[in-house]
Amino acid sequence: MCIRDSCSPAVSVNDFSENEFKVEIYPNPASTEIYLQFPAAHEGKSIQWSIKSMNGYTYSLGEFISGGITKVPVDNLPAGIYVLGIEGPVNQQFIKIMKQN
């Protein structure tokens, strides 16, 4: 990118790959628990999570240090669709999950 005879490399989304916050969640739908798996770059970091109904009611929340696979219980939830919010040191992610009996 050049502005007034001064050029610098363009910055793209790919330049921030070390900060990506992609969490694998399974199974979905779930009946008793879901498992969260974080990329190796996020191991040892403090993570907060919450499960909310589609109208914003908070059913559960917690915090843990990421590393390997983390289990989040959902057996206390009524069957339905929820939003799992995951917040790390620099990013957050919201994922729709389904609880089935």
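**Strands, surface and contacts of a predicted model**

Trainee: What relative accessibility does M98 have?

Mentor: The model is predicted: local features need pLDDT of at least 70 and side-chain atom pairs count only at pLDDT 80 or more, while totals for chains, interfaces and linings use all residues. Residues are numbered from 1 along each chain as its sequence is written, and side-chain values use heavy atoms, with hydrogens and water left out. Buried means under 20% relative accessible area, exposed over 50%, and partly exposed in between (1.4 Å probe, protein chains only). M98 therefore counts as partly exposed, its relative accessibility being 40%.

Trainee: In which strand is M98 placed?

Mentor: Strands (E, at least two residues) and helices (H or I, at least four) are DSSP runs, numbered from the N terminus. The chain has zero helices and nine strands. Residues 92-99 form the strand that holds M98, namely β9.

Trainee: Which residues form a nonpolar patch on the surface with M98?

Mentor: A patch takes residues with over 30% relative accessible area and no salt bridge, joining nonpolar side chains (Val, Leu, Ile, Met, Phe, Trp, Tyr) within 5 Å and like charges within 9 Å. A salt bridge is a side-chain nitrogen of Lys or Arg within 4 Å of a carboxyl oxygen of Asp or Glu. The accessible area of this patch is about 290 Å² together, by the Shrake-Rupley method with a 1.4 Å probe, where for residues only the protein chains shown count as cover.

Trainee: Which strands are the edge strands of the open sheet?

Mentor: The sheet has four strands in the order β6-β5-β8-β9, with antiparallel pairing; two strands pair if DSSP finds at least two bridges between them. Pairing on one side only marks the edge strands, β6 (58-65) and β9.

Trainee: What is the bridge partner of Y82 in β9?

Mentor: Strand β8 (residues 80-87) runs antiparallel to β9, and eight bridges join the two. The partner of Y82 in β9 is I97.

Trainee: How far apart in space are P27 and I97, C-alpha to C-alpha?

Mentor: P27 is in the loop between β3 (24-26) and β4 (33-37). In sequence, P27 and I97 are 70 residues apart. Their C-alpha separation in space is 9.1 Å.

Trainee: Is T70 buried or exposed?

Mentor: T70 lies in β7 (residues 69-73). Beyond four places in sequence, T70 touches I34, Y35, L36 and F64, contact meaning heavy atoms within 4.5 Å. Because its relative accessibility is 14%, T70 counts as buried.
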